[in-house]
Amino acid sequence: MGTDFIKTGFFKREERIKNPADFKKLFKNGKKISIQGAKIFFMENGLEINRVGFPLIRGYGNAVQRNLSKRYSREVYRLLKSHLNTGYDILFLVYPGNDSFSSRCDQFRLLLNKAGLIKE
């Protein structure tokens, strides 16, 4: 599956995971899948939309590197979200190193395929 560069809009407020309790719940109870450089935590949320978060590990570079990494992650997810099954809370945990848009695309696509979250 190639990344289709279609306009999927912005993230709405309800599409983001903001509550620290929700992050803890996903880390503790969610299913996890990991590959080199990234990890995904996900679980069903009972809603008709996906909610997503992009936490970073402690010690992830300086503020510029953290912001760039999150920007790449949000954009890759935005491009892929039209291809995903709905009704899940998803966290993408990214590790330092090899920060580029194309590598992030490959990482997220592989993680979502392994998790079975991509529509058939």
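How many aromatic pairs does the structure hold? There are 7 of them, and since this is a predicted model, take what follows as a reading of that prediction. Before we get to the rings, let's look at the sheet.

The sheet is open, with 4 strands in the order β1-β2-β4-β3 and mixed pairing. Out at the edges sit β1 (31–35) and β3 (51–53); each has a single partner strand, so one side of each goes without a neighbour in the sheet. Ignoring direction, neighbouring strands are turned by 15 degrees against each other on average. Glycine 53, for example, has leucine 91 of β4 as its bridge partner. Helix α1 (residues 20–29) packs on this sheet and touches β1, β2 (38–44), β3 and β4, with its direction at about 100 degrees to that of β2.

Now back to the rings. Phenylalanine 27 and phenylalanine 41 have ring centres 4.8 Å apart and planes at 80 degrees, so they make an edge-to-face pair. The pair links helix α1 to strand β2, across 14 residues of chain. Phenylalanine 27 is partly exposed at 36% relative accessibility, whereas phenylalanine 41 is buried at 6%.

Another pair brings in helix α2. The rings of phenylalanine 54 and tyrosine 77 are also edge-to-face, because their planes stand at 65 degrees, with centres 6.3 Å apart. Phenylalanine 54 lies in the loop between β3 and α2 (63–80) while tyrosine 77 is in α2 itself, so the pair ties together parts 23 residues apart in sequence. Both residues are buried, and together with Phe92 and Phe108 they form one aromatic cluster.

Key: Residues numbered from 1 in each chain as written. Predicted model: local features only at pLDDT ≥ 70, side-chain atom pairs only at ≥ 80, totals over all residues. Heavy atoms only, no water. Pairing = 2+ DSSP bridges. Helix = DSSP H or I, 4+ residues; strand = E, 2+ residues; numbered from the N terminus. Axes fitted to C-alpha atoms, helices over the stretch in contact; angles between N-to-C directions. Contact = heavy atoms within 4.5 Å. Phe/Tyr/Trp six-rings, centres within 6.5 Å; stacked < 30°, edge-to-face > 60°. Buried < 20%, exposed > 50% of the residue type's maximum accessible area, 1.4 Å probe, protein only.
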